[in-house]
Amino acid sequence: MSATPLRVAPATGYDVERVRRDFPILSRTVHGKPLVFLDSAASSQRPLAVIRAVDDYETRSHANVHRGVHALSQEATAAFEGARERVRRFLNARSTREIIFTRGTTEAINLVAQSFGRARLGPGDEILITALEHHANIVPWQMVRDATGCSLVVAPIDTAGELVMEEFHRLLTPRTRIVAVAHVSNALGTILPVAEIITAAHALNVPVLLDGAQAVPHSRVDVQALGADFYAFSGHKLYGPTGIGVLYGREERLAAMPPWQGGGDMILNVTFEHTTYNELPYKFEAGTPNISGAVGLAAAIDYVETLGVDAIAAHEHSLLAAATAALNDIPGLSIIGTARHKASVISFVMAGIHPHDLGTILDAEGVAVRTGHHCAQPVMDFFGIPATARASFACYNTLAEVQQLAAALRHAQEVFG
Amino acid sequence: MELKDLYRDVILDHNRQPRNFGRLDPADATADGHNPLCGDRLTVSLRLAGDKITDIRFEGKGCAISTASASLMSEAVKGHDRAEVRELFGHIHAMLTQTHAPVDESLGKLAALSGVREFPSRVKCASLCWHTLNAALEQGGTVSTEAGNEASAQGVK
(Lines give C-alpha, C1' and ligand atoms only; values in the text may rest on other atoms or scores of the structure.)
Protein backbone atom coordinates (compact mmCIF):
# COMPACT_ATOMS: atom_id res chain seq x y z
CA MET A 1 0.00 0.00 0.00
CA SER A 2 1.31 3.42 -0.83
CA ALA A 3 0.49 6.46 1.22
CA THR A 4 1.21 10.09 0.63
CA PRO A 5 3.42 11.29 3.47
CA LEU A 6 3.45 14.90 4.52
CA ARG A 7 6.24 16.62 2.70
CA VAL A 8 8.75 17.14 5.43
CA ALA A 9 11.21 19.97 5.12
CA PRO A 10 13.89 20.67 7.71
CA ALA A 11 12.48 22.72 10.58
CA THR A 12 15.50 24.98 10.69
CA GLY A 13 14.68 28.65 10.88
CA TYR A 14 11.18 28.06 12.16
CA ASP A 15 10.83 30.48 15.07
CA VAL A 16 7.90 29.16 17.05
CA GLU A 17 8.19 31.86 19.71
CA ARG A 18 7.72 34.49 17.04
CA VAL A 19 4.75 32.57 15.66
CA ARG A 20 3.21 32.46 19.14
CA ARG A 21 3.37 36.24 19.41
CA ASP A 22 1.07 36.40 16.36
CA PHE A 23 -1.71 34.67 18.36
CA PRO A 24 -2.98 36.98 21.13
CA ILE A 25 -5.02 34.26 22.85
CA LEU A 26 -1.92 32.21 23.61
CA SER A 27 -0.79 34.70 26.21
CA ARG A 28 -3.83 34.16 28.45
CA THR A 29 -3.98 31.88 31.44
CA VAL A 30 -6.53 29.19 32.25
CA HIS A 31 -7.24 28.39 35.91
CA GLY A 32 -4.17 30.44 36.77
CA LYS A 33 -1.87 28.41 34.50
CA PRO A 34 -0.44 29.37 31.11
CA LEU A 35 -2.72 28.07 28.35
CA VAL A 36 -1.39 24.97 26.59
CA PHE A 37 -3.78 24.74 23.64
CA LEU A 38 -3.69 21.23 22.14
CA ASP A 39 -7.12 21.20 20.52
CA SER A 40 -6.44 22.81 17.17
CA ALA A 41 -7.90 19.82 15.30
CA ALA A 42 -11.27 20.92 16.70
CA SER A 43 -10.66 24.58 15.96
CA SER A 44 -7.40 26.44 15.67
CA GLN A 45 -6.72 29.89 17.09
CA ARG A 46 -6.55 33.06 15.00
CA PRO A 47 -3.46 35.14 14.35
CA LEU A 48 -3.71 38.90 14.69
CA ALA A 49 -3.52 39.20 10.90
CA VAL A 50 -6.87 37.40 10.58
CA ILE A 51 -8.49 39.29 13.45
CA ARG A 52 -7.37 42.60 11.90
CA ALA A 53 -8.45 41.69 8.37
CA VAL A 54 -11.96 40.90 9.59
CA ASP A 55 -11.97 44.03 11.73
CA ASP A 56 -10.79 46.23 8.83
CA TYR A 57 -13.46 44.84 6.56
CA GLU A 58 -16.20 45.38 9.16
CA THR A 59 -14.90 48.82 10.06
CA ARG A 60 -14.37 50.17 6.56
CA SER A 61 -15.88 48.19 3.74
CA HIS A 62 -18.96 46.22 4.64
CA ALA A 63 -21.97 46.18 2.33
CA ASN A 64 -23.75 43.43 0.44
CA VAL A 65 -21.89 41.83 -2.44
CA HIS A 66 -22.82 41.59 -6.14
CA ARG A 67 -25.62 44.11 -5.62
CA GLY A 68 -25.01 47.79 -5.64
CA VAL A 69 -23.19 50.32 -7.69
CA HIS A 70 -22.16 52.23 -4.61
CA ALA A 71 -18.58 52.28 -3.37
CA LEU A 72 -18.98 50.04 -0.34
CA SER A 73 -20.77 47.32 -2.27
CA GLN A 74 -17.98 47.37 -4.81
CA GLU A 75 -15.33 47.22 -2.09
CA ALA A 76 -17.11 44.35 -0.38
CA THR A 77 -17.48 42.50 -3.67
CA ALA A 78 -13.80 43.04 -4.46
CA ALA A 79 -12.82 41.72 -1.02
CA PHE A 80 -15.11 38.69 -1.32
CA GLU A 81 -14.06 37.81 -4.87
CA GLY A 82 -10.46 38.53 -3.94
CA ALA A 83 -10.80 35.92 -1.21
CA ARG A 84 -12.14 33.45 -3.77
CA GLU A 85 -9.09 34.04 -5.97
CA ARG A 86 -6.87 33.60 -2.89
CA VAL A 87 -8.46 30.21 -2.21
CA ARG A 88 -8.10 29.25 -5.87
CA ARG A 89 -4.36 29.93 -5.75
CA PHE A 90 -4.05 28.11 -2.42
CA LEU A 91 -5.61 24.95 -3.84
CA ASN A 92 -4.19 25.50 -7.35
CA ALA A 93 -7.66 25.18 -8.88
CA ARG A 94 -7.98 26.05 -12.56
CA SER A 95 -10.64 28.69 -12.09
CA THR A 96 -12.54 30.64 -9.42
CA ARG A 97 -15.67 29.04 -10.92
CA GLU A 98 -14.50 25.92 -9.08
CA ILE A 99 -14.38 27.61 -5.64
CA ILE A 100 -17.69 27.66 -3.76
CA PHE A 101 -17.90 29.31 -0.37
CA THR A 102 -19.85 27.34 2.22
CA ARG A 103 -20.33 27.52 6.00
CA GLY A 104 -17.67 24.85 6.41
CA THR A 105 -16.66 21.34 5.47
CA THR A 106 -19.98 19.95 6.66
CA GLU A 107 -22.02 22.17 4.38
CA ALA A 108 -19.65 21.49 1.49
CA ILE A 109 -20.16 17.73 1.82
CA ASN A 110 -23.92 18.18 2.19
CA LEU A 111 -23.90 20.25 -1.00
CA VAL A 112 -22.30 17.42 -2.97
CA ALA A 113 -24.46 14.77 -1.30
CA GLN A 114 -27.66 16.63 -2.06
CA SER A 115 -26.83 18.05 -5.48
CA PHE A 116 -24.67 15.31 -6.97
CA GLY A 117 -26.09 12.40 -4.99
CA ARG A 118 -29.81 12.97 -4.95
CA ALA A 119 -30.05 13.81 -8.62
CA ARG A 120 -28.46 10.66 -9.95
CA LEU A 121 -28.45 7.88 -7.35
CA GLY A 122 -31.01 5.13 -6.98
CA PRO A 123 -31.43 1.49 -5.94
CA GLY A 124 -28.43 -0.59 -6.99
CA ASP A 125 -26.05 2.38 -6.81
CA GLU A 126 -23.40 2.56 -4.11
CA ILE A 127 -21.64 5.33 -2.18
CA LEU A 128 -18.24 4.22 -0.89
CA ILE A 129 -16.85 5.77 2.30
CA THR A 130 -14.40 4.49 4.94
CA ALA A 131 -14.66 3.46 8.58
CA LEU A 132 -12.49 6.47 9.51
CA GLU A 133 -14.95 9.15 8.55
CA HIS A 134 -16.13 12.05 10.67
CA HIS A 135 -19.91 12.10 11.11
CA ALA A 136 -19.96 14.96 8.56
CA ASN A 137 -18.87 12.48 5.88
CA ILE A 138 -21.28 9.75 7.02
CA VAL A 139 -24.63 11.33 7.83
CA PRO A 140 -25.10 13.38 4.60
CA TRP A 141 -24.63 10.16 2.61
CA GLN A 142 -27.04 8.25 4.86
CA MET A 143 -29.61 10.95 4.13
CA VAL A 144 -29.05 10.49 0.38
CA ARG A 145 -29.25 6.71 0.80
CA ASP A 146 -32.55 7.01 2.63
CA ALA A 147 -33.96 9.41 0.05
CA THR A 148 -32.87 7.48 -3.04
CA GLY A 149 -32.66 3.81 -2.04
CA CYS A 150 -28.97 3.52 -2.92
CA SER A 151 -26.50 1.74 -0.63
CA LEU A 152 -23.77 3.10 1.64
CA VAL A 153 -20.67 0.89 1.59
CA VAL A 154 -17.95 1.27 4.23
CA ALA A 155 -14.35 0.23 3.60
CA PRO A 156 -12.82 -1.12 6.83
CA ILE A 157 -9.77 -0.05 8.81
CA ASP A 158 -7.21 -2.15 10.66
CA THR A 159 -6.06 -1.95 14.27
CA ALA A 160 -3.41 0.63 13.40
CA GLY A 161 -6.18 2.89 12.12
CA GLU A 162 -5.19 2.48 8.48
CA LEU A 163 -7.62 1.94 5.65
CA VAL A 164 -7.43 -1.68 4.46
CA MET A 165 -6.64 -0.99 0.82
CA GLU A 166 -7.28 -4.56 -0.39
CA GLU A 167 -10.83 -4.19 0.95
CA PHE A 168 -11.19 -0.72 -0.51
CA HIS A 169 -10.25 -2.03 -3.96
CA ARG A 170 -12.65 -4.96 -3.55
CA LEU A 171 -15.53 -2.66 -2.55
CA LEU A 172 -14.88 -0.21 -5.38
CA THR A 173 -17.03 -1.71 -8.16
CA PRO A 174 -18.97 -0.71 -11.27
CA ARG A 175 -21.89 -0.06 -8.89
CA THR A 176 -19.93 2.67 -7.06
CA ARG A 177 -21.18 6.12 -8.04
CA ILE A 178 -19.03 8.26 -5.73
CA VAL A 179 -16.16 7.76 -3.28
CA ALA A 180 -16.11 10.11 -0.27
CA VAL A 181 -13.13 9.80 2.09
CA ALA A 182 -11.20 11.82 4.64
CA HIS A 183 -7.81 13.08 3.48
CA VAL A 184 -6.70 12.95 7.14
CA SER A 185 -8.66 11.24 9.94
CA ASN A 186 -9.73 13.71 12.62
CA ALA A 187 -9.97 11.07 15.35
CA LEU A 188 -6.69 9.22 14.74
CA GLY A 189 -4.57 11.45 12.51
CA THR A 190 -4.17 8.79 9.80
CA ILE A 191 -3.21 10.25 6.42
CA LEU A 192 -5.10 8.27 3.81
CA PRO A 193 -3.47 7.14 0.56
CA VAL A 194 -5.65 9.49 -1.45
CA ALA A 195 -3.55 9.31 -4.64
CA GLU A 196 -4.09 5.56 -4.80
CA ILE A 197 -7.80 5.99 -3.97
CA ILE A 198 -8.32 8.58 -6.70
CA THR A 199 -6.41 6.59 -9.33
CA ALA A 200 -8.46 3.49 -8.57
CA ALA A 201 -11.77 5.35 -8.60
CA HIS A 202 -11.00 7.24 -11.79
CA ALA A 203 -10.11 3.99 -13.52
CA LEU A 204 -13.81 3.19 -13.09
CA ASN A 205 -14.91 6.76 -13.88
CA VAL A 206 -16.03 7.22 -10.28
CA PRO A 207 -15.71 10.76 -8.87
CA VAL A 208 -13.93 11.27 -5.53
CA LEU A 209 -14.74 13.73 -2.74
CA LEU A 210 -12.01 14.38 -0.19
CA ASP A 211 -12.88 15.72 3.27
CA GLY A 212 -9.82 17.91 3.71
CA ALA A 213 -10.78 19.58 6.99
CA GLN A 214 -7.82 18.02 8.82
CA ALA A 215 -5.44 17.92 5.87
CA VAL A 216 -5.33 21.52 4.70
CA PRO A 217 -3.75 22.88 7.92
CA HIS A 218 -0.91 20.34 7.72
CA SER A 219 -0.04 19.78 4.09
CA ARG A 220 0.11 21.44 0.72
CA VAL A 221 -2.98 20.55 -1.27
CA ASP A 222 -2.87 20.87 -5.06
CA VAL A 223 -6.25 19.79 -6.35
CA GLN A 224 -5.01 19.47 -9.92
CA ALA A 225 -2.10 17.27 -8.94
CA LEU A 226 -4.37 15.22 -6.66
CA GLY A 227 -7.05 14.94 -9.32
CA ALA A 228 -9.83 15.13 -6.71
CA ASP A 229 -13.27 15.86 -8.14
CA PHE A 230 -14.40 17.56 -4.93
CA TYR A 231 -12.35 18.88 -2.02
CA ALA A 232 -13.90 20.32 1.15
CA PHE A 233 -12.32 22.23 4.02
CA SER A 234 -13.15 24.68 6.81
CA GLY A 235 -11.67 28.08 7.58
CA HIS A 236 -11.59 27.68 11.34
CA LYS A 237 -9.21 24.72 11.33
CA LEU A 238 -6.84 26.76 9.15
CA TYR A 239 -6.45 29.71 11.56
CA GLY A 240 -9.42 31.44 9.94
CA PRO A 241 -12.90 32.34 11.19
CA THR A 242 -15.76 29.94 11.91
CA GLY A 243 -18.73 29.83 9.58
CA ILE A 244 -16.68 29.88 6.36
CA GLY A 245 -15.48 26.93 4.34
CA VAL A 246 -14.83 25.89 0.79
CA LEU A 247 -16.01 23.33 -1.67
CA TYR A 248 -13.67 22.91 -4.60
CA GLY A 249 -15.31 21.07 -7.47
CA ARG A 250 -14.02 20.34 -10.94
CA GLU A 251 -15.87 22.67 -13.25
CA GLU A 252 -17.34 19.98 -15.49
CA ARG A 253 -18.70 18.18 -12.43
CA LEU A 254 -20.23 21.33 -10.92
CA ALA A 255 -21.67 22.44 -14.25
CA ALA A 256 -23.61 19.19 -14.52
CA MET A 257 -25.06 19.48 -11.00
CA PRO A 258 -28.33 21.21 -10.06
CA PRO A 259 -28.39 23.93 -7.38
CA TRP A 260 -29.19 22.64 -3.91
CA GLN A 261 -30.48 25.79 -2.27
CA GLY A 262 -32.54 28.45 -3.96
CA GLY A 263 -32.60 32.16 -3.29
CA GLY A 264 -30.91 35.40 -4.15
CA ASP A 265 -27.50 35.54 -5.82
CA MET A 266 -27.85 32.07 -7.37
CA ILE A 267 -30.22 33.27 -10.11
CA LEU A 268 -29.96 35.31 -13.32
CA ASN A 269 -33.65 35.81 -13.97
CA VAL A 270 -36.77 34.91 -12.00
CA THR A 271 -40.41 34.88 -13.03
CA PHE A 272 -43.16 32.90 -11.34
CA GLU A 273 -43.02 30.48 -14.27
CA HIS A 274 -39.30 29.99 -14.64
CA THR A 275 -35.93 30.77 -13.10
CA THR A 276 -32.61 30.87 -14.90
CA TYR A 277 -29.79 29.88 -12.58
CA ASN A 278 -26.64 31.90 -12.27
CA GLU A 279 -23.32 30.62 -13.56
CA LEU A 280 -20.63 28.95 -11.46
CA PRO A 281 -19.81 29.37 -8.66
CA TYR A 282 -22.83 31.55 -7.77
CA LYS A 283 -25.27 28.80 -8.73
CA PHE A 284 -24.32 27.15 -5.42
CA GLU A 285 -24.22 30.28 -3.25
CA ALA A 286 -27.81 31.20 -2.45
CA GLY A 287 -28.32 34.21 -0.21
CA THR A 288 -25.89 36.73 1.20
CA PRO A 289 -22.64 34.91 1.97
CA ASN A 290 -20.30 35.16 4.95
CA ILE A 291 -18.31 38.03 3.48
CA SER A 292 -16.17 38.84 6.52
CA GLY A 293 -15.53 35.12 6.97
CA ALA A 294 -14.17 34.88 3.43
CA VAL A 295 -11.99 37.93 4.05
CA GLY A 296 -10.68 36.29 7.24
CA LEU A 297 -10.05 33.02 5.44
CA ALA A 298 -8.01 34.79 2.76
CA ALA A 299 -5.95 36.45 5.52
CA ALA A 300 -5.47 33.05 7.17
CA ILE A 301 -4.22 31.57 3.90
CA ASP A 302 -1.82 34.51 3.52
CA TYR A 303 -0.60 33.87 7.05
CA VAL A 304 -0.10 30.14 6.51
CA GLU A 305 1.74 30.68 3.24
CA THR A 306 3.95 33.31 4.82
CA LEU A 307 5.03 30.80 7.46
CA GLY A 308 5.17 28.16 4.73
CA VAL A 309 2.96 25.08 4.70
CA ASP A 310 6.00 22.82 4.48
CA ALA A 311 7.71 24.57 7.40
CA ILE A 312 4.54 24.26 9.51
CA ALA A 313 4.24 20.58 8.58
CA ALA A 314 7.87 19.93 9.52
CA HIS A 315 7.46 21.72 12.85
CA GLU A 316 4.28 19.79 13.64
CA HIS A 317 5.93 16.56 12.61
CA SER A 318 8.69 17.10 15.16
CA LEU A 319 6.04 17.78 17.84
CA LEU A 320 4.17 14.62 16.84
CA ALA A 321 7.34 12.54 17.09
CA ALA A 322 8.20 14.02 20.49
CA ALA A 323 4.66 13.55 21.79
CA THR A 324 4.48 9.98 20.55
CA ALA A 325 7.73 9.19 22.38
CA ALA A 326 6.70 11.04 25.57
CA LEU A 327 3.26 9.39 25.71
CA ASN A 328 4.59 5.92 24.93
CA ASP A 329 6.82 6.41 27.97
CA ILE A 330 3.83 6.74 30.32
CA PRO A 331 2.82 3.39 31.84
CA GLY A 332 -0.80 2.44 31.17
CA LEU A 333 -1.17 4.86 28.29
CA SER A 334 -2.17 3.47 24.87
CA ILE A 335 -2.07 5.50 21.70
CA ILE A 336 -5.10 4.76 19.51
CA GLY A 337 -4.16 5.06 15.87
CA THR A 338 -0.62 4.11 14.95
CA ALA A 339 -0.70 4.55 11.20
CA ARG A 340 2.62 4.89 9.44
CA HIS A 341 1.67 8.29 8.05
CA LYS A 342 -0.04 10.60 10.50
CA ALA A 343 -0.81 14.26 10.83
CA SER A 344 -0.12 15.91 14.18
CA VAL A 345 -2.99 14.29 16.05
CA ILE A 346 -2.60 11.80 18.91
CA SER A 347 -5.60 9.97 20.34
CA PHE A 348 -5.01 7.97 23.50
CA VAL A 349 -6.57 6.23 26.45
CA MET A 350 -5.15 5.63 29.91
CA ALA A 351 -5.75 2.52 32.00
CA GLY A 352 -8.09 3.23 34.91
CA ILE A 353 -8.81 6.85 33.97
CA HIS A 354 -11.73 7.71 31.73
CA PRO A 355 -10.92 10.26 28.98
CA HIS A 356 -13.49 12.63 30.46
CA ASP A 357 -11.66 12.64 33.80
CA LEU A 358 -8.35 13.12 31.98
CA GLY A 359 -9.82 16.12 30.18
CA THR A 360 -10.87 17.75 33.44
CA ILE A 361 -7.56 17.09 35.19
CA LEU A 362 -5.56 18.37 32.22
CA ASP A 363 -7.79 21.44 32.01
CA ALA A 364 -7.01 22.25 35.64
CA GLU A 365 -3.34 22.30 34.56
CA GLY A 366 -4.17 24.70 31.72
CA VAL A 367 -3.81 21.96 29.11
CA ALA A 368 -6.71 21.91 26.62
CA VAL A 369 -7.28 18.57 24.89
CA ARG A 370 -10.40 17.19 23.27
CA THR A 371 -12.10 14.25 24.95
CA GLY A 372 -14.98 12.21 23.62
CA HIS A 373 -15.80 10.41 20.39
CA HIS A 374 -14.55 13.24 18.14
CA CYS A 375 -17.67 13.02 15.97
CA ALA A 376 -16.42 9.62 14.83
CA GLN A 377 -18.42 7.13 16.87
CA PRO A 378 -17.86 4.26 14.39
CA VAL A 379 -14.10 4.67 14.93
CA MET A 380 -14.58 4.42 18.71
CA ASP A 381 -16.83 1.36 18.24
CA PHE A 382 -14.16 -0.29 16.09
CA PHE A 383 -11.61 0.06 18.89
CA GLY A 384 -14.20 -0.96 21.52
CA ILE A 385 -13.82 2.26 23.49
CA PRO A 386 -16.40 4.95 24.28
CA ALA A 387 -14.00 7.83 23.88
CA THR A 388 -10.41 8.94 23.70
CA ALA A 389 -8.43 11.97 24.76
CA ARG A 390 -6.91 13.71 21.76
CA ALA A 391 -4.02 16.13 21.62
CA SER A 392 -3.48 17.95 18.34
CA PHE A 393 -0.58 20.20 17.45
CA ALA A 394 -0.54 23.31 15.32
CA CYS A 395 1.98 25.85 14.05
CA TYR A 396 2.14 27.59 17.44
CA ASN A 397 2.73 24.61 19.74
CA THR A 398 6.12 23.92 21.30
CA LEU A 399 8.20 21.01 22.51
CA ALA A 400 7.83 22.46 26.02
CA GLU A 401 4.06 22.08 25.67
CA VAL A 402 4.53 18.43 24.71
CA GLN A 403 6.41 17.97 27.98
CA GLN A 404 3.65 19.85 29.87
CA LEU A 405 1.10 17.45 28.38
CA ALA A 406 3.14 14.48 29.54
CA ALA A 407 3.58 15.99 33.01
CA ALA A 408 -0.16 16.69 33.29
CA LEU A 409 -0.92 13.08 32.31
CA ARG A 410 1.43 11.80 35.01
CA HIS A 411 -0.29 14.17 37.43
CA ALA A 412 -3.64 12.62 36.47
CA GLN A 413 -2.24 9.22 37.42
CA GLU A 414 -1.23 10.62 40.80
CA VAL A 415 -4.70 12.09 41.36
CA PHE A 416 -6.22 8.70 40.64
CA GLY A 417 -3.61 6.94 42.76
CA MET B 1 -12.02 25.62 40.93
CA GLU B 2 -10.16 23.00 42.91
CA LEU B 3 -9.49 19.58 41.46
CA LYS B 4 -9.34 18.15 44.98
CA ASP B 5 -12.98 19.18 45.49
CA LEU B 6 -13.99 17.12 42.49
CA TYR B 7 -11.90 14.01 42.96
CA ARG B 8 -12.37 13.45 46.69
CA ASP B 9 -11.22 10.24 48.28
CA VAL B 10 -14.79 8.95 48.52
CA ILE B 11 -15.26 9.48 44.78
CA LEU B 12 -11.97 7.82 43.88
CA ASP B 13 -12.74 4.90 46.18
CA HIS B 14 -16.21 4.32 44.68
CA ASN B 15 -14.74 4.65 41.19
CA ARG B 16 -12.10 2.01 41.90
CA GLN B 17 -14.48 -0.31 43.74
CA PRO B 18 -18.03 0.43 42.72
CA ARG B 19 -20.63 -0.94 45.14
CA ASN B 20 -23.65 -2.87 43.89
CA PHE B 21 -22.06 -3.26 40.48
CA GLY B 22 -23.74 -5.73 38.14
CA ARG B 23 -27.22 -6.61 37.01
CA LEU B 24 -30.18 -8.13 38.87
CA ASP B 25 -31.73 -11.03 37.00
CA PRO B 26 -34.63 -11.22 37.26
CA ALA B 27 -35.32 -7.57 38.01
CA ASP B 28 -38.59 -5.83 38.67
CA ALA B 29 -37.53 -2.72 36.80
CA THR B 30 -34.60 -1.69 34.63
CA ALA B 31 -33.60 1.35 32.61
CA ASP B 32 -30.66 2.39 30.46
CA GLY B 33 -29.00 5.77 30.64
CA HIS B 34 -26.81 7.32 28.00
CA ASN B 35 -24.76 10.49 27.82
CA PRO B 36 -24.02 10.81 24.10
CA LEU B 37 -21.62 13.70 24.69
CA CYS B 38 -19.06 11.51 26.44
CA GLY B 39 -20.32 8.03 25.61
CA ASP B 40 -21.22 7.10 29.20
CA ARG B 41 -23.74 4.27 29.40
CA LEU B 42 -25.25 2.60 32.41
CA THR B 43 -28.03 0.20 33.26
CA VAL B 44 -29.90 0.32 36.57
CA SER B 45 -31.86 -2.75 37.66
CA LEU B 46 -34.12 -2.89 40.70
CA ARG B 47 -36.00 -5.33 42.90
CA LEU B 48 -39.08 -3.80 44.43
CA ALA B 49 -41.36 -4.80 47.31
CA GLY B 50 -44.40 -2.69 46.67
CA ASP B 51 -43.08 0.83 46.57
CA LYS B 52 -39.76 0.06 48.20
CA ILE B 53 -36.39 -0.60 46.56
CA THR B 54 -35.16 -3.81 48.16
CA ASP B 55 -32.14 -4.28 45.90
CA ILE B 56 -30.33 -2.33 43.22
CA ARG B 57 -27.46 -2.98 40.82
CA PHE B 58 -25.89 -0.83 38.17
CA GLU B 59 -23.46 -1.60 35.42
CA GLY B 60 -21.90 0.32 32.62
CA LYS B 61 -18.91 2.26 31.44
CA GLY B 62 -18.31 5.77 32.51
CA CYS B 63 -15.99 8.33 33.97
CA ALA B 64 -15.06 8.43 37.66
CA ILE B 65 -17.80 10.93 38.45
CA SER B 66 -20.53 8.91 36.78
CA THR B 67 -19.33 5.60 38.25
CA ALA B 68 -18.91 6.96 41.79
CA SER B 69 -22.24 8.77 41.63
CA ALA B 70 -24.04 5.58 40.62
CA SER B 71 -22.24 3.60 43.32
CA LEU B 72 -23.07 6.15 46.03
CA MET B 73 -26.66 6.34 44.79
CA SER B 74 -27.07 2.57 44.95
CA GLU B 75 -26.06 2.59 48.61
CA ALA B 76 -28.25 5.55 49.43
CA VAL B 77 -31.54 4.41 47.91
CA LYS B 78 -31.64 0.78 49.00
CA GLY B 79 -34.53 0.29 51.42
CA HIS B 80 -36.25 3.53 50.42
CA ASP B 81 -39.58 4.04 48.66
CA ARG B 82 -40.37 6.07 45.55
CA ALA B 83 -41.33 9.25 47.41
CA GLU B 84 -38.12 9.19 49.47
CA VAL B 85 -36.01 8.60 46.35
CA ARG B 86 -37.74 11.45 44.57
CA GLU B 87 -37.03 13.76 47.49
CA LEU B 88 -33.39 12.68 47.64
CA PHE B 89 -33.01 13.26 43.89
CA GLY B 90 -34.34 16.78 44.47
CA HIS B 91 -31.64 17.42 47.08
CA ILE B 92 -28.94 15.95 44.85
CA HIS B 93 -30.06 18.01 41.88
CA ALA B 94 -29.97 21.17 43.98
CA MET B 95 -26.52 20.28 45.30
CA LEU B 96 -25.15 19.69 41.78
CA THR B 97 -26.56 22.83 40.20
CA GLN B 98 -26.93 25.54 42.86
CA THR B 99 -23.41 26.89 43.03
CA HIS B 100 -23.77 29.06 46.11
CA ALA B 101 -26.27 27.12 48.23
CA PRO B 102 -24.81 25.45 51.33
CA VAL B 103 -24.33 21.70 50.95
CA ASP B 104 -27.00 19.66 52.73
CA GLU B 105 -24.87 17.67 55.20
CA SER B 106 -27.74 15.24 55.79
CA LEU B 107 -26.83 13.79 52.40
CA GLY B 108 -23.94 12.02 54.10
CA LYS B 109 -21.46 10.44 51.68
CA LEU B 110 -23.46 11.78 48.73
CA ALA B 111 -22.25 15.25 49.75
CA ALA B 112 -18.87 14.21 48.34
CA LEU B 113 -20.35 14.95 44.91
CA SER B 114 -20.86 18.62 45.74
CA GLY B 115 -17.54 19.55 44.12
CA VAL B 116 -19.09 18.73 40.75
CA ARG B 117 -20.99 22.01 40.71
CA GLU B 118 -17.75 23.91 40.18
CA PHE B 119 -17.32 21.93 36.94
CA PRO B 120 -20.42 22.64 34.82
CA SER B 121 -19.27 20.29 32.05
CA ARG B 122 -19.41 17.39 34.53
CA VAL B 123 -22.84 17.86 36.14
CA LYS B 124 -24.46 15.48 33.67
CA CYS B 125 -21.91 12.81 34.57
CA ALA B 126 -23.12 12.89 38.17
CA SER B 127 -26.84 13.12 37.40
CA LEU B 128 -27.10 10.45 34.68
CA CYS B 129 -27.55 7.60 37.19
CA TRP B 130 -30.31 9.47 39.01
CA HIS B 131 -32.22 10.11 35.80
CA THR B 132 -31.79 6.45 34.94
CA LEU B 133 -33.05 5.31 38.34
CA ASN B 134 -36.00 7.65 37.94
CA ALA B 135 -36.79 6.11 34.55
CA ALA B 136 -36.59 2.60 36.03
CA LEU B 137 -39.03 3.60 38.78
CA GLU B 138 -41.38 5.37 36.35
CA GLN B 139 -41.58 3.23 33.27
CA GLY B 140 -38.23 1.73 32.32
CA GLY B 141 -36.73 2.35 28.91
CA THR B 142 -33.88 4.62 27.97
CA VAL B 143 -32.97 8.09 29.11
CA SER B 144 -30.46 10.40 27.56
CA THR B 145 -28.79 13.48 28.96
CA GLU B 146 -29.40 15.05 25.56
CA ALA B 147 -33.14 15.17 24.91
CA GLY B 148 -33.95 14.25 21.36
CA ASN B 149 -30.73 12.41 20.64
CA GLU B 150 -32.19 9.24 21.94
CA ALA B 151 -35.91 9.41 22.42
CA SER B 152 -37.00 7.88 25.68
CA ALA B 153 -38.56 4.54 24.92
CA GLN B 154 -41.59 4.60 27.12
CA GLY B 155 -42.90 1.39 28.50
CA VAL B 156 -40.02 -0.73 27.23
CA LYS B 157 -38.75 -3.14 29.83
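Predicted model: local features only at pLDDT ≥ 70, side-chain atom pairs only at ≥ 80, totals over all residues.
Residues are numbered from 1 along each chain as its sequence is written, while chains are lettered from A and ligands numbered from 1 in the order in which they are written.

**Strand β10(A) and its partners**
- Helices (H or I, at least four residues) and strands (E, at least two) are DSSP runs, numbered from the N terminus.
- Two strands pair if DSSP finds at least two bridges between them.
- Strand β4 (residues 99-102) of chain A runs antiparallel to β10(A), with 4 bridges joining them.
- β9(A) also pairs with β10(A) in the antiparallel sense, over 5 bridges; there, Ser234(A) has Gly245(A) as its bridge partner.
- Buried means 20 or more other C-beta atoms within 10 Å of a residue's own, exposed means 12 or fewer, and partly exposed is in between, with C-beta atoms placed from the backbone.
- By that count, 5 of the 5 residues in β10(A) are buried.
- Gly245(A), Leu247(A) and Gly249(A) point one way from β10(A), and Val246(A) and Tyr248(A) point the other way.
- In a regular strand, side chains alternate between the two faces of the sheet.

- Most residues other than glycine have a negative phi, and most peptide bonds are trans.
- Tyr239(A) has a positive phi near 70° and sits in the loop between β9 (230-234) and β10 (245-249) of chain A.
- Tyr239(A) counts as buried because it has 29 C-beta neighbours inside 10 Å.
- His31(A), not a glycine either, has a positive phi of about 50°; its loop lies between β1 (29-30) and β2 (33-34) of chain A.
- His31(A) is exposed, since 12 other C-beta atoms lie within 10 Å.
- Leu280(A) and Pro281(A) are joined by a cis peptide bond, omega about 0°, and Pro281(A) is in the loop between β12 (275-277) and α10 (291-307) of chain A.
- In chain B, the bond from Asp25(B) to Pro26(B) is cis too, with omega near 5°.
- Pro26(B) belongs to the loop between α2 (9-16) and β1 (29-35) of chain B.

- 15 residues of chain A are in contact (C-beta atoms, placed from the backbone, within 7 Å) with 15 residues of chain B.
- Helix α12 (residues 355-364) of chain A gives the largest share of chain A's side, 5 residues.

Technical notes:
Contact = placed C-beta atoms within 7 Å.
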